[in-house]
Amino acid sequence: MIQIKNVNFYYKDFHALTDITMQIPDKAVTAFIGPSGCGKSTLLRLINRMNDLIDGTRLTGNILVEGQDIYDKKVEVEELRKKVGMVFQKPNPFPKSIFENVAYGLRVQGMKNETEIKDRVEDAIKKAALWSEVERILNNNATNLSGGQQQRLCIARCLAVEPHVILMDEPASALDPISTAKIEELVLDLKSKYTIVIVTHNMQQALRISDHTAFFYLGELVEYNTTHDIFHNPAQEKTKNYVTGQFG
Amino acid sequence: MKAITKQKIVFSILKVMSFMVIAILFLIIGFIFIKGIGVINWGFISKMPEEGMLKGGILPAIVGTLCLIGGSMLFAFPIGVCSGIYINEFLKDGPLKRFMRLMTDNLAGIPSIVFGLFGMALFVNKLKFGDSILAGSLTLGILALPVIIRTTEEALRSVDDLHRQASYALGASKLYTIKKVVLPIALPNIITGLILAIGRVSGETAPILFTVAAYFLPKLPHSLFEQAMALPYHLYVLATSGTDIEKAKPMAFGTALILITIVLICNLLANLIRAKFKKK
Ligand SMILES: Nc1ncnc2c1ncn2[C@@H]1O[C@H](COP(=O)(O)OP(=O)(O)OP(=O)(O)O)[C@@H](O)[C@H]1O
Ligand SMILES: [Mg+2]
């Protein structure tokens with residue numbers, strides 16, 4: 001479970017998130033929706049501390065992953081990121097071979113045994129539903145794959161590290177409909193084993209794949225509920241307008 | 001005038017200009033080649049100079065220049081690349097970074113004769129290396145530093161931040177990310193810096209004038225603490241201060257041809273290395 005407690009977040013003087021409190025359940029898909037600039041990515045990036053890389057940011061409140069306050073001084077951010085993986089909006093495979101892309105996280109962890117690495121790589125690529133397409137070209141450069149394949153490779157790269165949580169920031173927004181469908185299928189497939197948080201602009205997508213949906217507006221969490229209720233029975237007028245496409 | 005005609009005219013002008021650059025390059029190389037090829041033979045590159053440098057070869061100058069290229073790069077390449085990495089990867093945007101950039105640019109703008117003077121004062125006199133390959137290499141190295149730092153910085157800056165983020169998101173540390181992701185991507189372009197630096201260093205006369213170059217020294221160097229002849233200075237000597245300048249002219253052009261050839265070979269090698277890394 002991911003617990004977000006009274007989180008405020010600032011980029012220099014800009015107050016990007018206001019008093020966010022929510023709990024994200026395990027082994028389910030939670031979608032973040034809301035108009036552009038409302039802070040979805042910012043909150044997502046707080047969960048694996050990617051915002052640490054940006055200068056001049058400030059956080060108050062707490063975020064707990066599996067009961068551990070991840071902003072506690074004792075926490076090593078590298079360890080946290082092995083547990084909380086991330087898939088980015090734009091597919092970003094390394095300009096290395098397909099194999100080495102997936103093996104990267106394992107090598108980071110200091111794994112040396114090549115047979116073990118091979119098994120883990122194969123396993124991860126299979127889980128990402130990419131194996132049949134790449135099994136014969138594992139040594140080819142990953143940048144030669146199609147956009148959709150690259151994104152599934154990035155998911156495989158993330159899975160190889162065996163994270164518990166996977167954060168996805170609009171993972172299909174740069175892809176064609178068929179590739180998007182494959183990613184969605186994959187997400188549904190993975191949710192039995194992973195806690196997945198996904199940012200999306202696509203209402204239909206949120207409806208199709210998520211169990212819970214959080215609607216953000218101007219840095220505030222307006223409404224958070226089961227996806228069914230957010231879309232069919234929203235409590236807030238703003239939520240209703242947004243999910244029915246009247247603004248955003 | 002129609003936009004399309006205008007465009008055509010502009011394109012033609014750009015085309016002519018760029019062809020002119022190539023033409024000038026060919027003109028120089030062709031000129032040196034025609035004037036210099038007459039004296040080139042095995043003896044020219046394998047023998048010591050004889051009879052007031054009017055006969056024999058230029059072997060010690062070739063060896064001297066190669067030593068200076070190697071020595072200066074051995075010193076400047078690691079330092080330059082490390083500074084470039086530090087400036088681009090570790091310094092936050094701010095006054096310190098701007099200051100470092102400004103200093104590098106200023107270093108690049110200093111006339112090379114000033115480096116020579118500085119090298120003489122510091123390496124030759126103060127540190128007591130004497131007129132030596134060591135002093136010359138260090139002086140040339142300093143001269144080459146800004147080029148290497150700048151190209152390294154540019155090469156690192158052109159690495160897409162998404163790659164860094166992907167690495168961090170997989171639990172990699174900053175150092176690991178730089179080593180395994182950023183540097184491999186940037187390496188081909190960093191090597192470009194090496195090529196430029198070699199080109200710069202191999203042709204400089206002023207910095208070696210007071211630090212290493214011998215007027216006439218018909219033997220090969222045995223240690224870093226010896227003086228050496230060098231191609232650019234030898235060329236200068238042949239063209240200006242020999243016993244018979246007219247007679248020395250073909251030798252001067254031959255020397256120039258060898259110098260150009262060495263630079264071109266260095267470029268070619270570095271390009272091959274770069275291409276190899278790019279493929280990987
Ligand atoms: N690095 C940054 N520095 C300063 N402000 C930022 C930075 N990143 C985001 N912001 C600001 O914080 C706010 C929230 O940004 P965020 O990227 O989280 O929005 P988002 O909901 O993900 O939007 P989108 O749907 O367009 O991706 C925006 O107003 C944005 O301008
Ligand atoms: Mg976003």
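How many salt bridges does the count come to over all chains? The answer is 22, where a salt bridge is a side-chain nitrogen of Lys or Arg within 4 Å of a carboxyl oxygen of Asp or Glu. Before clicking on any of them, some ground rules. This is a predicted model, so local features need pLDDT of at least 70 and side-chain atom pairs count only at pLDDT 80 or more, while totals for chains, interfaces and linings use all residues. Residues are numbered from 1 along each chain as its sequence is written, chains are lettered from A and ligands numbered from 1 in the order in which they are written, and side-chain values use heavy atoms, with hydrogens and water left out.

**Stop one: a salt bridge inside chain A**

Select Glu133(A) and Arg152(A). Their side chains form a salt bridge, 2.9 Å from N to O. Glu133(A) sits in helix 5 (residues 131–134) and Arg152(A) in helix 6 of chain A, so the pair ties together parts that are 19 residues apart in sequence. Helices here are DSSP runs of H or I with at least four residues, strands are runs of E with at least two, and both are numbered from the N terminus.

**Stop two: ligand 1**

Now select ligand 1 and show what is around it. The shell has 13 residues, and the closest are Ser36(A), Gly37(A), Lys40(A), Ser41(A) and Thr42(A); a residue is in if one of its heavy atoms lies within 4 Å. Helix 1 (40–47) and strand 2 (14–24) of chain A each supply at least two of the shell residues, and helix 1 has the largest share, three residues. By class, expect five nonpolar, six polar and two charged residues. Nonpolar covers Ala, Val, Leu, Ile, Met, Phe, Trp, Tyr, Cys and Pro; charged is Asp, Glu, Lys and Arg; the others, Gly among them, are polar.

- Ser36(A): 2.5 Å to an N or O atom in the side chain.
- Gly37(A): 2.8 Å to a polar backbone atom.
- His201(A): 3.0 Å to an N or O atom in the side chain.

On its own, ligand 1 has 630 Å² of accessible area (Shrake-Rupley, 1.4 Å probe), and the protein covers 64% of that.

Which residues make the salt bridge here? Pick Asp55(A) and Lys92(B), whose closest N and O atoms are 3.9 Å apart.

**Last stop: chain B**

Chain B has eleven helices and two strands, and its C-alpha atoms fill a box of roughly 70 × 65 × 35 Å along the principal axes. Trace the elements from the N terminus: α-α-β-β-α-α-α-α-α-α-α-α-α.

Note on methods: Polar contact = N/O pair within 3.5 Å; in protein donor to acceptor, adjacent residues only side chain to side chain.
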